[in-house]
Amino acid sequence: MNNTFSVKSVVVEGGTLDVTFSTTGHISKYFNSPLKFHVEYSEDIEKVPVGIAIIPFVCNVLPIVWLTDSTLELPEIDNDFYRSIDKFKQGYVKMYPMLDFKGKVSPLKIIESKTSTPPQQKESSAAFFGGGVDAFATLIAHIAEKPTLMTLWGSDIPLKDTDGWEVVKNHTLKTAENFGLQAIFVKTNFRELLNYIELNRLVKMSGDNYWHGFQHGIGIIGHAAPLAAKNGFSTIYIASSFNVNDNKTCASHPDIDGNVRFAGCNIIHDQYEYDRQAKVDHICSFSEKLDEKPHLRVCWVTTCGNNCCRCEKCLRTMCEIFATGQDPHKYSFNYTTKDLRNSKMNIFSRGLCISSIGFWEQIKLELINRPQAICPDELEWIKHTDFEREIKSTKMRAGIFLRNLPSRIINKIKHIFAI
Ligand SMILES: [Zn+2]
């Protein structure tokens, strides 16, 4: 083992955290320069000990440490977190038997840190909040606890996208206001720091990419450690994207997230027992009596914060709401009859992939079988469609179309998409 990550400094000023580090061996290729992990919290974390402040950084390099059999040298670490490392590492070992997870964490000092909640004060919680179906399902399930919302900039929204961030931030603020909650914002370079071309090569055997398969669970969760220590959060929720019946690899999984601990705080990978339709059911049932329904922000096409009502994700969520017997208009899907009329064409040309077929087969059954389901005439086609067969014939038609193109155009396409 010749590879070493060594933390040179951990500087906290107000809400700003900087961790500078160096590497030896061949691991520098996995990072973009400068080797500085930089986070800006919307609140002061200055009194948080180094052993806690360092956790966001550690969470984002640990999978690289393991996969490259490296040593991670730290000046100080929280004991709770340190003891949890091997437990959540086992979640990766179980998920990726084709890879070796070696390496070690070598701290100079291990500290005992507690959350700052006075004993007489009720325990408090926080939830990561992105504004979509998963996040709202978690929020609603735990609304009695009044969880603090935490939203990251640098995860789905790139740091250079200031307009997109304003939309996301305002959406979280509006949700916090509607439900009487606090909101904390975190700007982080945890993605920009990494060289995903090299990291994806490193994990190629897993069949997943580095961000989705290895980083984004603990990579996001780690950012909450200073906030938990400062605010006395005893529980942090991260919403599940998949459910217990999905047989998929994903860095955010109960066996990984659920074993992370820091400063006396537990992490819960939340609502894993529910599929997406059940989550939409919970949201719509909870919201039925609310004058203002939650603004579900699901679109993966627009950056303005509105749902386009044309992409596969928008149309899928709209249909899941129709299946509850409610109108998606109330949940900020400002669709037109034309959007519904073009739905089949749009679903098959804007994002439907093999992994989404299960969602649509379920929607089909709910629209057919649920007495309360609303199915506008323009969506009747869903009830009679074999999604697997349809997607295969769509791909086949696309293949025939491509094969009939002049070779100079095919070469141009291959060049653009690097295929
Ligand atoms: Zn959309």
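Author: Strand β2 (residues 16-24) and strand β3 (residues 36-41) pair in the antiparallel sense over five bridges, where strands count as paired if DSSP finds at least two bridges between them. Within this pair, Val 19 stands opposite Phe 37 of β3. The model is a predicted one, in which local features need pLDDT of at least 70 and side-chain atom pairs count only at pLDDT 80 or more, while totals for chains, interfaces and linings use all residues. Residues are numbered from 1 along each chain as its sequence is written. Helices (H or I, at least four residues) and strands (E, at least two) are DSSP runs, numbered from the N terminus.

β2 and β3 belong to an open sheet of 11 strands with mixed pairing, ordered β6-β4-β1-β2-β3-β10-β9-β8-β11-β13-β12. Its edges are β6 (104-107) and β12 (261-262); each has a single partner strand, so one side of each lacks a neighbour in the sheet.

Helix α5 (residues 162-179) lies across β9 (148-153) and β10 (183-188), at about 180 degrees to β9; angles run from 0 to 180 degrees between N-to-C directions, and axes are lines fitted to C-alpha atoms, for helices over the stretch in contact. Helix α7 lies across β8 (124-128), β9, β11 (233-239) and β13 (265-270), and runs at about 150 degrees to β11.

α7 (residues 210-221) also meets helix α2 (residues 55-67): their axes come within 7 Å and cross at roughly 155 degrees. The two helices are therefore roughly antiparallel (an angle over 145 degrees). Contacts, meaning C-beta atoms placed from the backbone and lying within 7 Å, join α2 residues including Cys 59 and Leu 62 to α7 residues including Phe 214 and Ile 218.

Methods:
Parallel < 35°, antiparallel > 145°, perpendicular 65-115°, else oblique. Contact = placed C-beta atoms within 7 Å.
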